[in-house]
Protein chains: 2
Amino acid sequence: MAKRSFPLSQVYGLLEPGPVVMVTTARKGRANVMTMSWHTMIDFEPPIMGCVVSNRNYTFGILKSTKECVINIPTVELATKAVACGNASGRRIDKFQAFGLTPSPASRVAAPLIDECYVSLECKVVDTGMVPKYCFFILEVVKAWIDRSRKRPRTIHHLGRGTFMVAGRTIRLPSRMR
Amino acid sequence: MAKRSFPLSQVYGLLEPGPVVMVTTARKGRANVMTMSWHTMIDFEPPIMGCVVSNRNYTFGILKSTKECVINIPTVELATKAVACGNASGRRIDKFQAFGLTPSPASRVAAPLIDECYVSLECKVVDTGMVPKYCFFILEVVKAWIDRSRKRPRTIHHLGRGTFMVAGRTIRLPSRMR
């Protein structure tokens, strides 16, 4: 794996644009992955994010009990596998094996990094106050990994019903916003 | 304005990809607009979303007291104005006037639609439980407007520090996900 650790202060710039992410969890030595795009940044540093994981998903119970996950960001090359993970349940299959994804040990959590994703963010659940009402988990990113050799990572962004926008060109504007 | 009402069930597909949005509010007949991209969908229908509005922003107090806003989605043609709105405070200037934005009356809230944005979502604040801790507001979209004549609306997605990704091509994959 070509990923290297990078500063937590830079995490927001990877999540704020709204990419589809692949969330890994693990319980009793068995890892799972789900696809998700209902997430937002909540604070810069330490990086706090929020995300919705439906209580119909297998991941919901694991996340609630282990309070750990990894948020992995795929690029367009992985789009077919990301969709496949979204269409299957970890209750029935091992998605890493079924879809040819490579788990790699994390440093701070039991859930694995996905080797094929260019970014992996190790997270701890820090607040479950909104879970009963909205299935909304508050996560703190505790360790961040990126493959800097990926020069133009084309993230995917879900438009609904199997349609995705692929990240296009980048523009710069004079801004005082962080 | 070429915008027409569209079904609330379709709102998620416009916010889920993570575009920069322009949030309008109004108090005592005076409208304001701020730029924001820390938001997420929370439920499909009625469409519930969550967003972070910092308590350092002029909009924070207005949103908290009026419990109403409009979430407007700009395209790349408006990027310079969106950044300008993010760099200025409504405490000091009328941003509609300063940046040449056209307010248009909403149907369900006092905050105006921004004519130049291709989508406008009228919202009511429905839960402020997470505001003290995270400045996180829960909004329900109560009326949705779109300009369907915009064939390829290129949304912008904030990468941090004045850098934006412009929405690229669209791909379709066989998916059972809504």
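Two residues are in contact when heavy atoms of one lie within 4.5 Å of heavy atoms of the other. The exercises below use this term on a predicted model.

**Exercise 1. Describe how many residues of chain A and chain B are in contact, and how much area the two chains bury.**

Solution. 
Step 1. Count the contacts: 48 residues of chain A touch 48 residues of chain B.
Step 2. Turn to area. Together the chains bury about 4,900 Å², with 60% of it on carbon and sulfur atoms.
Step 3. A:Glu16, A:Trp38 and A:Met177 supply 16% of the area that chain A buries against chain B, more than any other three residues.

**Exercise 2. Find the polar links between chain A and chain B, and say which elements and classes of residue make up chain A's side.**

Solution. 
Step 1. Between chain A and chain B there are two salt bridges. For B:Asp127 and A:Lys133, which form a salt bridge, the closest N and O atoms are 3.3 Å apart. As background, side chains of opposite charge can pair when their charged atoms come close.
Step 2. Across the interface, 32 residue pairs are in polar contact.
Step 3. List the elements of chain A that give two or more residues to the side touching chain B: helices H1 (12–15), H3 (79–87) and H5 (131–134), together with strands S4 (39–43), S10 (136–146), S11 (156–160) and S12 (163–172). The largest share, ten residues, comes from S12(A).
Step 4. Sort this side of chain A by class: 23 residues are nonpolar, 16 are polar and nine are charged.

**Exercise 3. Work out how S12(A) is joined to strand S12 of chain B.**

Solution. 
Step 1. The partner strand in chain B covers residues 163–172.
Step 2. Seven bridges join the two strands, and they run antiparallel.
Step 3. For one position in this pairing, take A:Thr170, which stands opposite B:Met165 in S12(B).

**Exercise 4. Find a salt bridge between A:Lys124 and A:Glu68, and explain why it ties together separate parts of the sequence.**

Solution. 
Step 1. The whole structure holds six salt bridges over all chains.
Step 2. One joins the side chains of A:Lys124 and A:Glu68, at 3.0 Å from N to O.
Step 3. A:Lys124 belongs to strand S9 (residues 119–127) and A:Glu68 to strand S6 (residues 68–73) of chain A, so the pair ties together parts 56 residues apart in sequence.

**Exercise 5. Locate the backbone features at A:Pro46, B:Pro46 and A:Lys67.**

Solution. 
Step 1. The peptide bond from A:Glu45 to A:Pro46 is cis, with omega near 0°. A:Pro46 sits in the loop between S4 and strand S5 (48–52) of chain A.
Step 2. In chain B, the bond from B:Glu45 to B:Pro46 is cis, with omega near 0°.
Step 3. A:Lys67 is not a glycine, yet has a positive phi of about 60°. Its place is the loop between helix H2 (58–66) and S6 of chain A.

Technical notes:
Residues are numbered from 1 along each chain as its sequence is written. Chains are lettered from A and ligands numbered from 1 in the order in which they are written. This is a predicted model: local features need pLDDT of at least 70, side-chain atom pairs count only at pLDDT 80 or more; totals for chains, interfaces and linings use all residues. Side-chain values use heavy atoms; hydrogens and water are left out. Buried area is the accessible area (1.4 Å probe) that two parts lose on being put together, summed over both. A salt bridge is a side-chain nitrogen of Lys or Arg within 4 Å of a carboxyl oxygen of Asp or Glu. A polar contact is a pair of N or O atoms within 3.5 Å; within protein, one must be able to donate a hydrogen and the other to accept it, and residues adjacent in sequence count only if both atoms are side-chain atoms. Helices (H or I, at least four residues) and strands (E, at least two) are DSSP runs, numbered from the N terminus. Ala, Val, Leu, Ile, Met, Phe, Trp, Tyr, Cys and Pro count as nonpolar, Asp, Glu, Lys and Arg as charged, and the others, Gly among them, as polar. Two strands pair if DSSP finds at least two bridges between them.
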